[in-house]
Amino acid sequence: MNISRHTKLMKLSNVFSTGTTGTGNLGTAVDMAGFDGCRFIADLGATTVLSRTLQISGSTAVGGTYTTLAGAATTATTASHRLLSIDMYRPTFRFLKALLSSTGLADTGSGIIAELYSPRV
């Protein structure tokens, strides 16, 4: 089976600074039209920050108000060169965004990727 025919990769952000607590890197919106699921992957790069969190928000319109989705967050602590991943299957919103934030210190990450899968034919 050729998995590339059943997925679509999108780079949501490049190398970035997460800023300080309460701010972070917000990736571009992902349009879920035509797909059942999306896996978000954040590359943390080299970090000295105590905690980094990846969370997903959703909206009914690309430029609309985004709501943080319950249960759609994961955190890594005290380790460099890790990946954080969240898989959203059949989300209630058509448009999704990923936010990577840090606790306490400004930090730099390597980017966020979205992998859409299960295309509806």
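Mentor: A salt bridge is a side-chain nitrogen of Lys or Arg within 4 Å of a carboxyl oxygen of Asp or Glu. Here the side chains of Glu115 and Arg39 form one, at 2.6 Å from N to O. Glu115 belongs to strand S11 and Arg39 to strand S5, so the pair ties together parts 76 residues apart in sequence; strands are DSSP runs of E, at least two residues long, numbered from the N terminus.

Trainee: On what basis are such values given?

Mentor: This is a predicted model, in which local features need pLDDT of at least 70 and side-chain atom pairs count only at pLDDT 80 or more, whereas totals for chains, interfaces and linings use all residues. Residues are numbered from 1 along each chain as its sequence is written, and side-chain values use heavy atoms, with hydrogens and water left out.

Trainee: Is Glu115 buried or exposed?

Mentor: Buried means under 20% relative accessible area, exposed over 50%, and partly exposed in between (1.4 Å probe, protein chains only). Glu115 is buried because its relative accessible area is 14%, while Arg39, at 33%, is partly exposed.

Trainee: How many salt bridges does the structure hold?

Mentor: There are four. Among them, Arg120 pairs with Asp36, their closest N and O atoms lying 2.8 Å apart. Arg120 is in the segment after strand S11 (111-119) and Asp36 in strand S5 (residues 35-43), 84 residues apart. Asp36, Arg90 and Arg120 are linked in a network of salt bridges.

How values were computed:
Helices (H or I, at least four residues) and strands (E, at least two) are DSSP runs, numbered from the N terminus.
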